[in-house]
Amino acid sequence: MPVTFTLNGQQRQFSGDPRASLLDALRRDFRLTGTKDVCGEGFCGACLVYIDGVPKVSCLLPIGALEGSKVTTIEGVGARETLTPVQQAFEDFDVVQCGMCFPGMVLTVTHFLQTNPRPSRDDVKSALVGNICRCTGYERIIDAVMSLHNSAEGPE
Amino acid sequence: MSSVKDSVVMNLPRRDARDKLQGRTKYTVDVGGVEVLHAALLRAEVASARIKRVDISAALAMPGVQAIVSASDAPGLHGMGVADHPIFAANTVRYHGEPIAAIAADTLAQARAAAAAIVVEYDRLPAVLTMADALASDAPLVHPEWRDYEILFDGGVRGGNVAWQATVVRGDTDAAFARDDVTIVEGVYQVGRQNHVPFEPRAVTATYEDGRYHIHTSTQAPWTVKHVTARVLGVPESAVHVTVPAVGGGFGLKFDCSLEPYAAILARKTGRTVSQVNSRKEEMMTCLCRENADIRIRSAVTQDGEIVGREATVLMDCGAYGGEQVFLTTMTAHTLGGNYKLGSVRLCTKAVYTNTPPNGAFRACNGVYNTFALERHTDEICAAIDMDPIAFRHRNVVGDGDIGATGQVFQGNVLAPMLDQLTAKYPVKRRSGTLPDGRLYGRATTVGTWFIFVGPSAATVNLNADGSATLVTAGVEIGSGTMMQSLPQIVAANLGIHPDKVIVKTADTDAAGRDLGVGGGRTTVSIGAASEAACAQVREKLLGVAAELLQTSADKLVLSGGRVEIRGRPGSGTTIEKIVQQAEVSIGPLSGSGAFTAPGERSMPGCAAGHFIDAIDIPVFAVHDCEVAVDPVTGHVEILSYRLVQDVGLALNPRAIHGQIQGGVVQGIGYALSEEITIDANGAFDQTGFETYRLPLAGDVVQIEFDLYEGAPSIGPLGTKGAGEVPILNVAAAIGCAVTNATGKSVTTLPMTPPRIAALLDGRTCLPEMDHIDPHWLANLL
């Protein structure tokens, strides 16, 4: 039986194998390739999406479990022509390198700041525990995040 | 330098950041669609065997299968220095994971199912899994036919399980060690492999169009892919066309050809577009890792700290095929043989065959562990002669007019003032102690010498009628930002336009001339220099046309702000657009081509044998300082602070260099502390996923404090040097020396995982077994 769900604001159906991972369905069937397939085991966070507003790793989610869910991928974040404040900070701080981890980073940080508008550096580090980056060494990402609010530690 | 900086737009934002942040960038792994076939490899599950029989009949009949290819489809051998490597095992399997057949099917699942249905029968052969095994007198040979291989570069000594031997002999070390006024210090060191883990695995899409292969691939070296694919397929190089989109990380792994030939053959056989992507497990189990190495080093040092003699033997595990390690034997001369003035020196470096997955190039290849060994050894020397480790280094680092291991003459005092800069900013109060929480405190300062690979690059610059310029090279954007920042900056500065007006064409071997590849810190320098040369031609034509138009002489004209002006008279000239339009009717569109290669720094004749690079063209220096806290019970090492001074020549993008330093040091922290690969009895890696291979996480790292050292001599454009490779160079060295100071126990092996450091603290650690390197240096030579 096909699975019906909302993908980036549009109602979509998936009629393939319901045990397929959401990651594979997004990349292979819906051709939304911003969600990255990196570790395939739920460790790296590159395949992060929002399910009903909550960040989840799509590599571990069978698409059959998503009937009626709202799925948001990196392609559905913000307006197409402009960057969100998180994306803009990452660009302004020149933190992007190879870029493969950044769709997941953007989703994690965006969600985190919604519930933690004034985090400390350590709070941000804890929030990034499920997002691995091989290029940047993290701290510049955290610098960019810290610039987004007026916490006690302040922006750089 | 300030005048150069006045003419360059500094800290240029990355033009690729926006798409990467919005998930729009199309990497090679993102190419797909219903028209694309998917390929999978059948890989050997034994380390050493004779192949008795391969039966593909059942697999061929499976649903969706379009083609199956194997050794007879690609008979050629490739390699660096020695052509020893087939892309498919034909009769012999030499490592666990070696490809035996490639399958193209409608879906990836079908391709994998077909691979599993191929029947292979093996006659198992004894495997040599360690270098000690490989060098035993009765060791089975990984390549019994080693004498028959084509030699691609002359000068290396080879034999048995030694794929390549490079040596340096300068001066009389026997006499130095025989002196009665010297202290002799000896050490042995052993390091494991490091997996690059690029987030985009090795991947390729191939088609066969109009009699040529079009390979769209995730590589750092498009011209190498072109060359190797043609060689193993037995077709002319002109029949291979390589294009490269954004690459999702390389770190050296993608400096060699990898999956491209398989996809190319399958594309020709099927007439379809074929996508081939390593699964994460395949990517990790066949990673061309930073090699494991065994090192023995000894030095003769006078009481006042003069190094009168040094001998070292370095064994590099190349795995089943020579690959990059053959070339990298060269590096010991410039890394372990670097840093310090040596009265006499003998170095022997061997690439050793084992029945393990082949190794490759990884950021500051060879240098990372040789710097670890050298700096640990240096601290042992300081302890033995009771000399302050910074004073010893200050006394001995190479400076202006000093000679390196191979006798090349260094220019400029760089390392000594860099040491001064670091210690002035962060004075050393103590090197060991106990922290209030009971943990052991250690601090160490290390130096490192690296260099920029130069080699051939070509560039074409077209100046367009709208005042923009198009830069055509085979350079690849692997994430470091060079193609997005440095190159448009260099072209813009040379043509007097804004970098936003410089279009950078993505790598395409049909459009751009030969290039060695993006790696070794060479992109800004080599492609930058070729681009400058191309700009010089454009400038000459442009100014010639402008001189006529403005009725003055070309030498009175300057290019700035998109305009040609008469010098000292702003507003007197006209726009570049006007000149280009004029040129189109007088001499034609304005374009120029430029080239660059190794200028050829010279060594002392007769010092180096078997080296691909006898002397280094652009040395790069680094000083690193680290404070650690070691838990005395668990052996866990925490980095308390990490500071460094890096020689960058001229910093075009301090912000981007900051990113490279933070990222490079963290990769070094992973190498030093947590990233470990072990090989099981079957010759396979134990760590083939993110659960077992321990990459640094956000919580494991610290903010790197750094100063850039500018002004050291460099032949790079605008005085630049590459800045992305070197940050990893002396990280394991600095942490290893700091942990030694903290614990009072000699760190001799990497990585310094908690169990290993706990064993060290408990006195349960012996020196690494090193019987396969003879203490008598000469006895190690083939």
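**Note on chains A and B of a predicted model**

1. In chain B, 3 strands make up an open antiparallel sheet, ordered E26-E27-E28. Strands are DSSP runs of at least two residues (E), helices are DSSP runs of at least four (H or I), and both are numbered from the N terminus; two strands pair if DSSP finds at least two bridges between them. Strands E26 (557-560) and E28 (569-575) of chain B are the edges, each with a single partner strand, so one side of each has no neighbour in the sheet. On average, neighbouring strands of this sheet are turned by 40° against each other, direction ignored.

2. The model is predicted: local features need pLDDT of at least 70 and side-chain atom pairs count only at pLDDT 80 or more, whereas totals for chains, interfaces and linings use all residues. Residues are numbered from 1 along each chain as its sequence is written, while chains are lettered from A and ligands numbered from 1 in the order in which they are written.

3. Strand E27 (residues 563-566) of chain B is joined to E28(B) by 3 bridges, and the two run antiparallel. B:Arg563 lies opposite B:Thr575 in E28(B). Helix H15 (residues 523-550) of chain B packs on the sheet and touches E26, E27 and E28 of chain B. The direction of H15 makes about 120° with that of E26(B), where axes are lines fitted to C-alpha atoms, for helices over the stretch in contact, and angles run from 0 to 180 degrees between N-to-C directions. Contact requires C-beta atoms, placed from the backbone, within 7 Å.

4. Chain A has 5 helices and 5 strands, which follow the pattern β-β-α-β-β-β-α-α-α-α along the sequence.

Notes: Contact = placed C-beta atoms within 7 Å.
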